[in-house]
Amino acid sequence: MSLLLESLFNGAAIGSVLLIAALGLAIVFGLMGVINLAHGELMMLGAYTTYVVQSFFKLPLLEPLFGAYIFVAVAVAFLVGGLVGLLLERSVIRRLYGRPLETLLATWGVSLILQQFVRTVPLAWSTGLWLAAMVGLVGPLVMNRLWGPGQRPWLLRLGNWVVAVAVGVATAGWIRGAMPKLARASARNVDVTAPRWLRGGLDLGDWTLPIPRLMIIGLTILAVLAVYWFLNRSLWGLRIRAVTQNRAMSDCLGIPTQTVDALTFAVGSGLAGVAGVAVSLLGSVGPNVGGDYIVGCFMVVVLGGVGNLWGAVVASAGIGVLTDVIGAGRLLEIWPQMPAWLQQGVEFFATTSMARVLIFALIVLVLQVRPAGLFPQRGRMAEV
Amino acid sequence: MAFDDTVAVGILHSLSGTMAISESTLSEVEKMAIEEINAAGGVTVDGKTYEITWIEEDGASDWPTFAEKAKKLIDQDQVPVVFGGWTSASRKAMLPVFESKDHFLYYPIQYEGQECSRNIFYTGATPNQQAEPAVEFMFKESPVAGKPFFLVGSDYVFPRTSNTITKAQLESLGGEVVGEDYLPLGNTEVAPIIAKIKNALPDGGAIINTLNGDQNVAFFKQMQSAGLTPENGYYVMSFSIAEVEIDTIGPEYLADHFAAWNFFQAIDTPASQKFTESFKAKYGEDRVTNDPMESAYNMVYLWKAGVEKANSFDDNLVREALIGVTFDAPQGPIEVMPNHHISQTVRIGQVTPDGQFEILSTSDGPIDPQAWNQFEPSSKGYACDWSDPDKGEKYLL
């Protein structure tokens, strides 16, 4: 019994990492049909955000709150991923809708650019740049609220951007002085230290639950619920679903489809940023971290059925449990008296490398039987 | 300083791509060594002094590129010697080039052994100068002495060869290996491996770790959160974690685990301190030095000594003269052996909370290198000796 529980927990732990990484892609690729090869790099930006936020919380002023930095990091990473996603959609993706091959090449190019960006631009300047862009984009919204449409909109805008650039430069300059580690660009991986309470394990008798894993499972559940609520209960979610089902008709009915596209992509990218925080708790943070996860993300989305949130949940849970059962050789413990020939087979696959091979083979088999994934989209969408 | 002439040597490391982070540090120390030699009067051959200059090429973390650039350095630039490489794959790609042109490569990294080329000079540790003393330490002297072993590594040639040797060694010592697993390169999901370690070592034990770069970060972070910590009796001995890696993984996760090297920055001798201080003065106060860098530094000095002893830049003369050359290296005295490897001191270090090593044990003087491993059945009883034309690459002892 405890064996079964342990295996289930490990499966959930592995699956939740896959799911939180794939959730953004399930929106971007699943709903919009954009093959975004830069998804892993958006996660990488989220992971670097964790590092920068952590550095802020090591300053004397914020030091007492160090234990809580991870929650701030989640929120900021969502905004970083979302902003980069927004710029990406406005500048590249929207010119390529309906052209999957060009999208594939363009987003791959973007992924290389982002990797090189973090290698060559000091984090202090990246932070300043992000802050300037945030102020510049959010400023007009706030000003319109406050004063209504102004007399000289271009002057206000210009003023706003001047302020934004000044804020960005000042922040970057201050960070260079206050946090010397962020002042120089480096291709080296950086070390993200989880707060003390997030580092150990929770002892339940002879069984230890790793706390980072629990945190990621919790974060994943929250993210899935939030996405579900956003898509099915909010006004913009309704619009997104309408545009996915019939773009021309939605346009006729007055839904701003371009804004919907930008928003959808930004939300998907923001989720990638949050996933970046999660993986920084488990592994390393470096320019290449995205590449470790991108294949898994596409695997989950394709296996689950493109355009289906629950498909992604089931697929990631399935892959997670199978990885643990095969890779850790659980069958041998569950059924010790198995025949010798079977035992040899199980032992052969009970290494991480071979478990991966077997899981890929199983996915290929499933896709042979169900080419559109476990939960294919039905209805009008499927016909287009 | 007035020199009579100049001589250009070749430097061939990855300056771009995945390996650039590690390999560029070798290029930096090699240049530092060259500048030091020049400042001290350069190389003297036949009464003439030569200033050393260098021609640098980028291997770009791509093994065929290494072979191509090696050809270019030999044929076009006609350098007398090439300092280069890091991964075994890059060395294996360059080996046929150097053998067919009968040229000379100096290779600075600790590696799996089982190779002894006439045209390569290896200044890194062989398994009997790193892995074997490390395993023996874990089995006999560490806090988990006598407990079972678990072997974990990345899935490629070095970890698999190294672990084959470790298993044979533990068998002869009477130790027990209760499991081994390999993580495919580029995969950081270590949860199944951690579950296996927990099952195989319920009461703690020794873990021999040959994981690569990034994968170490995932491994140590998750070992700690699963409760497999030194306090609970799980000690990891790593073969590829040096000062530079501690900095990127974070000392919180590594404290009290072990590593084995020939050189640690913490070595408290004037030669070691001078090496680290010169490096910091040249490349920045926050930089650290480590074993591969020390080894790259040594090989430039050994080449200089070989050339001056041979009184010629000719490879064949230098090859003969090099054997028996000694150098007072940052790690202590080293000597070139007839099998083109060097005798070096072996040290075991324990990671301290501030990200350095505390040296726990030091071998009694330098240990002779074995190119052909004596625990591995296929090479047992063989040795290599280039000083005797009848013996050569592989002969029965």
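**From a hairpin to the chain contact**

Tutor: In chain A, strand S1 (residues 201-204) runs antiparallel to S2(A), and 4 bridges join the two. Strands are DSSP runs of type E with at least two residues, helices are runs of type H or I with at least four, and both are numbered from the N terminus. Two strands are said to pair if DSSP finds at least two bridges between them. Gly201(A) has Pro210(A) as its bridge partner in S2(A). The hairpin formed by S1(A) and S2(A) has 2 residues between its strands, and Gly205(A) takes a positive phi near 60° there.

This is a predicted model, in which local features need pLDDT of at least 70 and side-chain atom pairs count only at pLDDT 80 or more, whereas totals for chains, interfaces and linings use all residues. Residues are numbered from 1 along each chain as its sequence is written, chains are lettered from A and ligands numbered from 1 in the order in which they are written, and side-chain values use heavy atoms, with hydrogens and water left out.

Together with Asn10(A), Ile194(B), Lys198(B) and Ala226(B), Pro210(A) lies nearest the centre of the second largest cavity, which is lined by 14 residues. A cavity is a set of points, on a 1 Å grid over the protein atoms alone, where a 1.4 Å probe fits but cannot get out, and its lining residues have an atom within 4 Å of a point. Two or more lining residues of this second cavity come from each of H1 and strand S2 (207-210) of chain A and helix H6 (191-200) and helix H7 (213-225) of chain B. With 4 residues, H6(B) gives the most. The lining has 7 nonpolar, 4 polar and 3 charged residues. In this classification Ala, Val, Leu, Ile, Met, Phe, Trp, Tyr, Cys and Pro are nonpolar, Asp, Glu, Lys and Arg are charged, and the others, Gly among them, are polar. The space in the second largest cavity is about 150 Å³; such a volume is the space filled by probe spheres set on the grid points, which are joined across faces, edges and corners.

By class, the lining of the largest cavity divides into 11 nonpolar, 7 polar and 3 charged residues.

The contact between the chains can now be described. Here 38 residues of chain A are in contact with 36 residues of chain B, where contact means heavy atoms within 4.5 Å. The size of an interface is often given as the accessible area lost when the parts come together. Chain A and chain B bury about 3,000 Å² between them, with 46% of it on carbon and sulfur atoms. Buried area is the accessible area, taken with a 1.4 Å probe, that two parts lose on being put together, summed over both. Of the area that chain A buries against chain B, Arg188(A), Arg199(A) and Thr352(A) supply 21%, more than any other three residues.

Strand S17 (residues 382-385) and strand S18 (residues 392-396) of chain B pair in the antiparallel sense over 3 bridges. In this pair, Ala383(B) stands opposite Tyr395(B) in S18(B). The hairpin joins S17(B) to S18(B) through 6 residues.

Notes: On a 1 Å grid over the protein atoms alone, a cavity is a set of points where a 1.4 Å probe fits but cannot get out, and a pocket is an open set with protein on both sides within 12 Å along at least five of seven lines; lining residues have an atom within 4 Å of a point.
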